[in-house]
Each structure stands twice: as structure tokens, then as C-alpha cells.
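User: I would like to learn how to read a structure like this one. Can we take it feature by feature?

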Amino acid sequence: MDKLRILVVEHSEIIRQGIFSILRSQSYKYEIRFSDQARDINDQIRSGKLDLMLLNPSTYFDPKGERIRLLRQDAINFGFKLVALVYAYFDEQLLLLFDEIIYINDEEEKIFSKLEKVVETAVQLQDDDVTVSQREMDVIRLVALGKSNREIAEELFISVHTVISHRKNITNKLGIKSVSGLTIYAVINKLIGAEDFSKS
Amino acid sequence: MIRKPDILSVPKKISASFDIYNYLIPSGHSEFIITGESKLVDIIQLNQRLLLVISRFGISLGFGDKSVAEVCKANGLNTSLVLLVLNVFNSHSYSVPELLPKNYIAELIQYLKNGHKYFLTSKLPYIEELINRFIEKNDNPNSYLLRNFFKEYTNEVVEHMSLEERTVFPYILGLLQQSDVEKADVRQPLTYKIDDFIDNHSNIEEKLDDLKQLLIKHFPPTPDQFFRNLILFELFDLDYDLNDHNGLEERILTPIVRTLEKEIKGNG
Ligand SMILES: [Fe+2]
Ligand SMILES: [Fe+2]
């Protein structure tokens with residue numbers, strides 16, 4: 001699986017540098033970006049590739065918390081975690097909208113364990129290898145031939161669970177989600193012949 | 001047997017004017033607020049994507065130096081709605097007021113329908129035409145797969161949008177009519193809810209992403225990169241535009257309708 005993508009939204013250069021130097025020690029695990037351009041932030045959210053947003057909630061003038069509520073909504077819709085970075089007083093009620101809160105005086109250890117905890121469900125760290133394994137090729141071929149997960153499992157003598165996990169990895173590696181997209185990949189790479197591809 | 005799309009102003013000969021399509025690519029940030037006094041020509045200079053909004057409201061180009069408010073008046077449009085949509089398109093961080101008036105609904109639905117028409121009768125056929133050109137230029141035996149894939153995708157979009165036009169929009173307009181009826185006993189009970197729509201508002205960008213990935217990463221190198229790039233530019237633009245369109249349905253239309261539903265239920 002890919003590194004965990006963290007978007008840090010923080011105006012202060014000093015704080016940004018601090019966060020960067022702390023997280024850098026785990027750069028094999030986290031990919032960090034910074035932004036304070038609203039449009040850019042929104043684009044990143046909508047790309048669906050964001051795993052976690054570390055946001056200083058006082059970045060915006062947002063007295064009623066409208067923006068934070070929208071962000072919460074986005075976090076649910078686009079599947080990322082919302083973490084507050086707090087170093088000044090902030091409305092307790094609004095802080096409840098965050099998945100986790102990191103305080104300015106938290107120690108390094110604590111920051112890591114908080115991050116760890118919040119993404120626990122989302123991460124399964126694997127190597128960064130993007131090449132498709134032989135087994136995955138087999139799965140792609142069978143998917144392209146229109147087989148169900150159960151049929152693929154039977155044919156390859158593996159469990160359905162394993163098929164599903166192969167398919168997840170395939171999608172991550174190739175960036176292709178749909179069956180018809182995978183079919184094209186299979187034809188291009190000669191995993192199946194064009195003649196197998198009946199539903200033209 | 002492939003039916004040629006009958007629309008299309010795709011130039012028969014390629015010329016330098018194709019470069020103009022570059023402007024459609026989302027250009028990053030445009031953090032300015034549009035007001036009634038803003039000159040239409042100025043805001044378009046700053047963010048060319050607003051051209052799409054303007055046409056969808058039925059405003060024709062050639063408006064001279066008129067301000068947004070003046071142009072709205074001349075076209076019989078609700079200025080505050082037009083401003084809201086312009087600002088939301090211009091900056092995703094524009095915060096939408098919580099309570100929006102129900103007199104936005106009819107015009108907003110017309111706007112969305114115009115968007116559908118644009119996607120279905122202009123944008124998608126145009127991209128299909130570009131794919132055909134790409135295929136002509138590169139005799140790769142597999143390139144027809146891309147065309148089939150795009151057709152499949154087009155069908156998904158057609159289905160998505162016609163569901164909205166057949167079911168969702170008529171429901172909302174009916175609701176609007178009912179809310180004008182004074183006596184509660186004349187009202188029909190609600191058989192559908194806008195949240196049913198939102199819960200099933202399908203993702204029509206998945207295949208689009210796949211196609212981008214195929215063209216960028218997986219389809220083997222082709223002698224012609226010009227049309228391949230052009231297709232990609234258009235796919236990115238379409239993706240962006242569809243996102244905004246669906247965002248309008250979810251973030252602006254739906255909350256107004258929810259309020260309307262409550263109002264009708266409350267009085268009924
Ligand atoms: Fe729509
Ligand atoms: Fe939609």
C-alpha cells in the first residue's frame with residue numbers, strides 16, 4: 001500500500017517546519033504536503049487520495065464553525081481523517097468534530113501514537129512495490145474474463161478473502177477500478193486475447 | 001456499425017486554435033469574490049471556467065461592459081442565485097449560506113438541466129470524436145477498446161442524468177407547487193424524499209479515472225500524442241466539471257429541498 005497522505009493546513013511557517021521535522025523521521029510511512037490555498041485544499045480532498053488532514057482550526061475566520069462542519073462532511077464522504085492542530089483556545093464543541101486533537105505541547109511520541117491510532121483502520125503498511133505480481137496477473141485475467149470472486153478463488157485454489165485483497169492491491173497499483181478498465185489492461189498486456197473479449 | 005454523432009463543431013482541420021482548449025484546465029486558485037457590481041468581462045478574464053456557468057444560465061456572450069446584476073436583469077435571472085453559483089464555481093472554499101430561499105429552485109433546476117444537455121449533447125460526443133480521431137491516427141489494434149469503454153461510460157452518465165430528469169427534478173417541482181397550496185388537506189403525502197436521492201447519488205467519475213489512467217500509464221506509446229493529450233485535457237476538465245455539477249445538486253439544491261419537505265410536513 002501507498003504511504004499515508006497527510007495534508008497539513010497551517011499558516012505559520014515555524015509550526016510547519018516543526019511538523020515537517022517531526023514527521024520526517026517516519027517519512028517511509030507518511031507523505032506530507034502543506035497547503036493554505038483553499039482551492040488547492042479542496043482539489044486534494046476531491047481527488048479522494050487524501051488519508052488525513054491536519055488542520056489548525058483557526059486558519060480560517062470561521063466563527064460559526066460552518067467550514068469545519070463542511071470539512072467534517074467531506075471527511076466522511078471522501079474517507080479521510082480530520083485532525084486538529086491546536087495551539088490557542090478553540091471552541092470545545094467544534095473540536096468534537098475532529099477525529100483527534102494534537103496539541104502544540106504534545107511530545108513527539110504522543111503525536112505519533114495519536115496519528116497511529118487515528119489511521120489504524122485505514123493503514124495496512126506494505127511495501128511500495130507497484131509491479132504486478134504473477135498471482136495478481138492471474139486474478140486480472142480471470143476478472144477480465146468476467147469471473148466472479150468465488151469462481152476466481154476456486155480456479156486459483158485460494159480463499160475469496162485473498163481474491164478480494166488481490167483485487168484491492170491491483171486497483172492500487174494500476175489505478176484502475178472498473179472491471180471493463182481491467183479488461184482493457186488485460187488485452188493490452190496480452191493476458192487475454194481480443195477474441196476472449198466477447199462483449200464488444 | 002458506429003453511428004457518428006451528429007452534433008459537433010469539431011474543426012475538420014487541426015489548426016492552432018486547438019490550443020484554446022488548454023484554458024479549460026482547472027487553473028488552480030482564484031480567490032476573489034464576485035458581487036453584483038463585478039463586470040462580467042472582468043470575472044471571466046480572471047477565471048475562464050465561469051464561461052460554463054454563464055452559458056448554463058442562458059446568458060449569451062456579447063454583453064459589453066455590463067455588470068453581473070445588469071446582465072441578470074436583462075435576462076430575467078435571479079441575481080443572488082447567479083452570484084451564488086458563480087462564486088461556488090469560482091472558489092470551492094466559498095461558504096454557502098445555510099438557509100437558501102425556495103425561489104431558487106426552479107431556476108436552479110433549469111440550470112442543472114442545461115448542464116445535463118451540455119454534457120450529453122456537446123461534451124461527451126466531442127470527446128468521443130476526439131477518441132475517433134486518435135484511433136484514426138494510430139492504427140493500434142486495441143484502440144477500439146478505448147472507444148467501447150468510453151461508450152460504456154457515456155451510458156452511465158446518460159442513466160445518471162436521465163434519472164434526475166425523470167424522477168428527482170419532477171418530484172422537487174411538484175413539492176414546490178404543493179408548498180404554494182394554502183390548505184393542507186389538498187396536499188399529497190410525500191412518497192419520496194430528497195435523501196433517497198442523495199443516498200443513491202451515484203459516483204459517475206470512477207470510469208473517468210480509469211480512462212485517464214489507461215491513457216497516461218497503460219496504453220502503449222502511440223505515434224500521435226496530440227489527440228491523446230487533447231483527450232486527457234478534456235477528461236480532466238469533464239471530471240472537474242461533473243464534480244462541481246454534482247456538488248451543486250448535493251450542497252445547494254438538496255438543502256433547499258430538505259427545508260421545503262419539512263415545511264410541507266410541518267404544515268400538513
Ligand atoms: Fe445532474
Ligand atoms: Fe447528479
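User: Which residues coordinate the iron ion (ligand 1)?

Analyst: First, a caution: this is a predicted model. To read a metal site, list the donor atoms and their distances. Here the iron ion (ligand 1) is held by B:His116 through NE2, B:Glu164 through OE, B:His245 through NE2 and B:Glu249 through OE. The distances run from 1.9 to 2.2 Å.

User: Why is the arrangement around the iron ion (ligand 1) irregular?

Analyst: Start with the ideal. Four tetrahedral donors have ideal angles of 109.5 degrees at a metal. Now the case. The four donor atoms around the iron ion (ligand 1) subtend angles of 87 to 173 degrees, so the arrangement counts as irregular. A tetrahedral label would need all angles between 85 and 135 degrees.

User: How are the donor residues of the iron ion (ligand 1) spaced in sequence?

Analyst: The spacing reads H-x47-E-x80-H-x3-E. Take B:His116 and B:Glu249 as a pair: they are 133 residues apart and link distant parts of the chain. B:His116 sits in helix H5 (residues 105–137) of chain B, and B:Glu249 in helix H9 (residues 226–267) of chain B.

User: Are B:His116 and B:Glu249 buried or exposed?

Analyst: The cut-off for buried is under 20% relative accessible area. B:His116 has 1% relative accessibility, so B:His116 is buried. B:Glu249 has 0%, so B:Glu249 is buried as well.

User: Which residues coordinate the iron ion (ligand 2)?

Analyst: Its donors are B:His160 (NE2), B:Glu164 (OE), B:His201 (NE2), B:Asn246 (OD1) and B:Glu249 (OE), at 2.0 to 2.4 Å. Their sequence spacing is H-x3-E-x36-H-x44-N-x2-E. Look at two of these donors. B:Asn246 and B:Glu249 share helix H9 of chain B, three residues apart, about one turn of the helix. Both B:Asn246 and B:Glu249 are buried.

User: How far apart are the iron ion (ligand 1) and the iron ion (ligand 2), and which residue bridges them?

Analyst: They lie 3.2 Å apart, and B:Glu164 bridges them.

User: Next, aromatic rings. How many aromatic pairs are there over all chains?

Analyst: A pair of aromatic rings is described by the distance of the centres and the angle of the planes. The count is seven pairs over all chains. One of them joins A:Phe20 and A:Phe34: the centres are 6.3 Å apart and the planes are at 55 degrees, so the pair is tilted. A:Phe20 lies in helix H1 (residues 13–24) of chain A and A:Phe34 in strand E2 (residues 30–34) of chain A, so the pair ties together parts 14 residues apart in sequence. A:Phe20 is partly exposed because its relative accessibility is 31%. A:Phe34, at 29%, is partly exposed too.

User: What is the geometry of the aromatic pair B:Phe150 and B:Tyr153?

Analyst: That pair is tilted, with 6.2 Å from centre to centre and 45 degrees between the planes. Both residues lie in helix H6 (residues 143–180) of chain B, three residues apart. B:Phe150 is buried, with a relative accessible area of 0%. B:Tyr153 is buried at 1%.

User: Which rings does B:Arg56 lie over?

Analyst: For a charge over a ring, check the distance to the ring centre. B:Arg56 lies over the face of B:Tyr118, at 4.5 Å from the ring centre. The charged end of B:Arg56 also sits over the ring of B:Phe119, 5.2 Å from its centre.

User: Now the core. Which residues of the largest nonpolar core touch the most other members?

Analyst: In soluble globular proteins, nonpolar side chains tend to be buried together. The largest nonpolar core here has 49 residues, and those touching the most other members are A:Leu174, B:Phe150, B:Tyr153, B:Ile231, B:Leu235, B:Leu238 and B:Leu242. Helices of chain A and chain B contribute, including H8 (160–174) of chain A and H9 of chain B, each with at least two residues. H5(B) gives the largest share, eight residues. A second, separate core of 45 residues includes B:Ile54, B:Leu100, B:Leu108 and B:Phe197.

User: How many helices and strands are there in chain B?

Analyst: Chain B has nine helices and zero strands. Of its 268 residues, 50% count as buried.

Methods:
Residues are numbered from 1 along each chain as its sequence is written. Chains are lettered from A and ligands numbered from 1 in the order in which they are written. This is a predicted model: local features need pLDDT of at least 70, side-chain atom pairs count only at pLDDT 80 or more; totals for chains, interfaces and linings use all residues. Side-chain values use heavy atoms; hydrogens and water are left out. Donors are N, O and S atoms within 2.8 Å of the metal (3.2 Å for Na, K and Ca); water is not among the atoms, so sites may look incomplete. Four donors count as tetrahedral if all angles lie between 85 and 135 degrees; four count as square planar and six as octahedral if opposite donors are over 155 degrees apart and all others between 65 and 115; anything else is irregular. Helices (H or I, at least four residues) and strands (E, at least two) are DSSP runs, numbered from the N terminus. Buried means under 20% relative accessible area, exposed over 50%, partly exposed in between (1.4 Å probe, protein chains only). Rings of Phe, Tyr and Trp (its six-membered ring) pair if their centres lie within 6.5 Å; planes under 30 degrees apart count as stacked, over 60 as edge-to-face and the rest as tilted. A charge sits over a ring if NZ of Lys or CZ of Arg is within 6 Å of the ring centre and within 35 degrees of the ring normal. A nonpolar core is a set of buried Ala, Val, Leu, Ile, Met, Phe, Trp, Tyr and Cys residues joined through side-chain atoms within 4.5 Å.
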